Amino acid sequence: MSGSLPGDGRRRPGLWSRAWAALRPLDPYRSVKAALGALVIGSVVITTFLVFVAIHSATELRVITIFSIIASLLITQFVAHGLTAPLDEMTEITRSMAHGDYTRRVGGGRRDEFGDLAKAFNRMAADLEAVDTHRKELVANVSHELRTPIAGLRAVLENVVDGVSAADPETMRTALRQTERLGRLVEQLLDLSRLDNGVVPLHARRFEVWPYLAGVLKEASMAAGSGSSPRARKDVHLHLDVQPPELTAHADAERLHQVVANLVDNAVKHSPRHGRVTIRARRGEGPQSLDLEVVDEGPGIPESERHRVFERFNQGSSGQQGPDSDGGTGLGLAIARWAVDLHGGSIGVAESPRGCRIRVTLPGGP
């Protein structure tokens, strides 16, 4: 009653499977108990009918009994196959998953417990497919991001060794920039790994917002002035706006530093020449809470892409990059989101008449 499809090793649906797929008599039932009850009632009705026929005809009772048993067995086999069909399908799909195929799903339509199990199974299969896709993308993206600075550093060193270029300060600065870019990527990957594993504790404390943010921006300005970063932009002006000036907040200063530094770095990267990046800080709704905004004058983020901004390795389209940007690693905003999540806050792209405005809300409180 069954066979294999040529070429793919899958089992061809047998007679029972084709008949069940055509009739689907159990779909209206919301419970397996109800389906089994209908089976018992159907068998009793058929047997009673055959006995009634035997009484009012010349047919022998034993012949009617044989026919009754055969009919009951056929109905039982048909219904039993229908009850176990989802389990057989799940078993086959599980074997496919074991070989790396996460695209197959269990057929729907049932409203009983097996239907609920099929829906849960399909959700699990979709989650596994998403995890597998993310794993492949992560390996590909990390490999690409690591290859770029390593190739640049190797080219510089090969030129020095072969005598093509001298080991002068400018050549060494080029090698240093590639090494720093590689170190930044490794550090960001380690940060994400620690955040994912939940091993990053929060050391929240109360601090004054103005001097804290001024220090973060001073570090960003010094990095741009020294030219140590391949994404350094000396032409972008950084502006700090804190109201009231004596504003205080309660958060983990180190993790908040990651958030602000990555947001400022992203804003500078997407700014036009001689653009302006503004960091605004206001008091939030709760005690010692903080509302923070980073606004740039770049091309902004299309509404259709805003949900992907904080995904890992998302570097945006080429039209959103600044004039001197190298694209970055696409990890900064992902780290910012995880650091904000650790505080129980929120981060997202807000509406802005010009450029991009990213808003961070921290709940504060001791």
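**Nonpolar surface and core**

Guide: Val53 counts as partly exposed because its relative accessibility is 31% (buried is under 20% relative accessible area, exposed over 50%, partly exposed in between, with a 1.4 Å probe and protein chains only). This is a predicted model, where local features need pLDDT of at least 70 and side-chain atom pairs pLDDT 80 or more, while totals for chains, interfaces and linings use all residues. Residues are numbered from 1 along each chain as its sequence is written, and side-chain values use heavy atoms, without hydrogens or water.

Val53 belongs to helix α2, residues 32–55 (helices are DSSP runs of H or I, at least four residues; strands are runs of E, at least two; numbering starts at the N terminus). In total the chain has eight helices and nine strands.

Turning to the interior, buried residues are 36% of the 366 in the chain. The largest nonpolar core holds 39 residues (buried Ala, Val, Leu, Ile, Met, Phe, Trp, Tyr and Cys joined through side-chain atoms within 4.5 Å). Val209, Leu213, Leu263 and Ile279 have the most contacts inside this core. At least two of its residues come from each of α6 (209–226), β4 (237–243), β5 (248–252), α7 (253–269), β6 (276–283), β7 (290–295), α8 (332–342) and β9 (357–362). The biggest share, eight residues, is from α7. Another core lies apart from this one; Met90, Ile93, Tyr102 and Val106 are among its eight residues.

Leu263 touches Val294, Leu333, Ala336, Ile347, Ile358 and Val360, leaving out residues up to four places away in sequence (contact means heavy atoms within 4.5 Å).
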